[in-house]
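Welcome! Take a look at it first, and then read on.

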Amino acid sequence: YVDIDRFKVISEGFGHNMVDEVLVAFAERLERCLREGDTLAFLGGDTFVVLLQDGSEARQAQHVANQIHMQLIAPFHIEDHEVFTKASIGISTVAPMVRNPEEVLRRAQTAMKHARRLGSGHTGVYGEGMDSKTRHLLEMESKLRSALDRQELTIYFQPQLCLGENRITGMETLLRWKHGGKMISPGEFIPVAEETDLILPIGEWVLREAAAKTMRWIDMGLGPLRVAVNLSERQFRAQNLFRIVEQVLIDTRLPPECLELELTESIFVDDPEATRQTLMAFHKLGCKVALDDFGTGYSSMSYLKSFPLDTLKIDRAFVMDLTSDPRDAALCSSMISLAHQLNMDVIAEGVESQEQLIILRAFQCDEIQGYFFSKPLAADKFETFIRE
Ligand code: C2E
Ligand code: CA
Ligand code: CA
Ligand code: CA
């Protein structure tokens, strides 16, 4: 049996040079824990892989892991600083069932992530103490990590119908993941992407892809079109979001007013001042901002008057029973007039029937989106749809 460990140094919050020096010093201590015949590899970031020599047992891997943790009790002295660090270690063994080295590594990584969740300074052994839900999440994470490279991600577009003009004025971009012959729904993988920050590269890809496709349709004379892109709070908080959006608009030539960023009320809960500044920057750039899932969050409504918002999206929850529940009808009607008085447009989501459409039209709702008009469509289908 070969035992493989993988661990991560907790080194956030240092300058880059400092991190390099910690890594070198760390590797030196690590080597002290190994025997001749063991292999040490640096994987980049702050992650190493240790391959124990043939014939090692899980018990020995556990022993090495303990020694590594012990080595980290004493701080590193780097320049004038004392640097304390801890590691999370994952162990997986080569069982007769799993001979594939990639699979062994993946399991060791899964065990390491599990250890990290327990807090740094822990060791995890693959399969031990992991319930099936944790295992499922951790495995999804490692598959999602390669989804971008393997081109398994794709975007769909759901048309938005303007009720006044009776034509398609825009569409919402919805992410899809084709993996292993299955379609995994964003409801399943977006939370994993958010938790692991994979949402940052994925979100940037969505933005670029959506802008490029839209500009191509505009160039073909199929416009004007406004494309909406969903942004997670994690993306919204990223320091470089504004720069990314600006660069995507330059690279694709998409006019700023053709891009709408969909955000949820969650961005108003923490640090409203930072939120206001970011929104003002997008407003100045000329992009549109839509408030998604309106009415389902837990934040105060006062933000509606103090933030530059262009569009309010009424959540499907209010539209669903619009025709049967007078209370939902009252809520929809009030939300629409509130938005109009604040100079915002309204899109109703999840419109599935003609009856709902008729009521929303009577309430002066500006646009509708939902299965009644069209499901989200692959790019080629969407193109055919807007040509007709
Ligand atoms: P959302 O932004 O509220 O998107 C609307 C969801 O409602 C979509 O689900 C859409 O397919 C579905 N939908 C549209 N019309 C109808 C209808 O008439 N009836 C019903 N029952 N459903 C309808 P989807 O595509 O599964 O996306 C789920 C959520 O995943 C989205 O909710 C959004 O929060 C998130 N998401 C999707 N794509 C992205 C993305 O690129 N980035 C981020 N950060 N989140 C995304
Ligand atoms: Ca780290
Ligand atoms: Ca949305
Ligand atoms: Ca929504």
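**Confidence**
- The pLDDT of the protein averages 88, and 93% of the residues score at least 70.
- Residues 1–13 have a pLDDT below 50, and beyond near neighbours in sequence this stretch has 63 contacts in the model.
- Where pLDDT is low, the predicted coordinates should not be read in detail.
- For the model, the scores are ipTM 0.97 and pTM 0.76.

**Domains**
- The domain assignment gives domain 1 as residues 3–130 and domain 2 as residues 148–387.
- Taken over C-alpha atoms, the centres of domain 1 and domain 2 are 42 Å apart.

**Helices α4 and α5**
- Helix α4 covers residues 132–147, and its axis comes within 10 Å of the axis of α5, with a crossing angle of roughly 80 degrees.
- That angle falls in the range of 65 to 115 degrees, so α4 and α5 are roughly perpendicular to each other.
- From α4, Leu137, Met140, Glu141 and Leu144 meet Phe189, Val192 and Ala193 of α5.
- By class, this contact of α4 with α5 has six nonpolar residues, one charged residue and no polar ones.

**Around ligand 1**
- There are 22 residues around ligand 1, and Leu174, Leu175, Pro186, Gly370 and Tyr371 come nearest.
- At least two residues of this shell are supplied by each of β9 (167–179), α5 (186–195), α6 (199–219) and β13 (288–294).
- Sorted by class, the shell has nine nonpolar, nine polar and four charged residues.

**Backbone details**
- Gly223 and Pro224 are joined by a cis peptide bond, with omega about -5 degrees.
- Pro224 sits in the loop between α6 and β11 (226–230).
- Asn343, a residue other than glycine, has a positive phi near 70 degrees.
- The loop between α12 (326–341) and β15 (345–348) holds Asn343.

Methods: Residues are numbered from 1 along each chain as its sequence is written. Chains are lettered from A and ligands numbered from 1 in the order in which they are written. This is a predicted model: local features need pLDDT of at least 70, side-chain atom pairs count only at pLDDT 80 or more; totals for chains, interfaces and linings use all residues. A residue is near a molecule or strand if its C-beta atom, placed from the backbone, lies within 6 Å of it. Helices (H or I, at least four residues) and strands (E, at least two) are DSSP runs, numbered from the N terminus. Ala, Val, Leu, Ile, Met, Phe, Trp, Tyr, Cys and Pro count as nonpolar, Asp, Glu, Lys and Arg as charged, and the others, Gly among them, as polar. Axes are lines fitted to C-alpha atoms, for helices over the stretch in contact, and angles run from 0 to 180 degrees between N-to-C directions. Angles under 35 degrees count as roughly parallel, over 145 as roughly antiparallel, 65 to 115 as roughly perpendicular and the rest as oblique. Two residues are in contact if their C-beta atoms, placed from the backbone, lie within 7 Å. pLDDT is the predictor's confidence in each residue, from 0 to 100. Domain bounds come from an automatic or database domain assignment.
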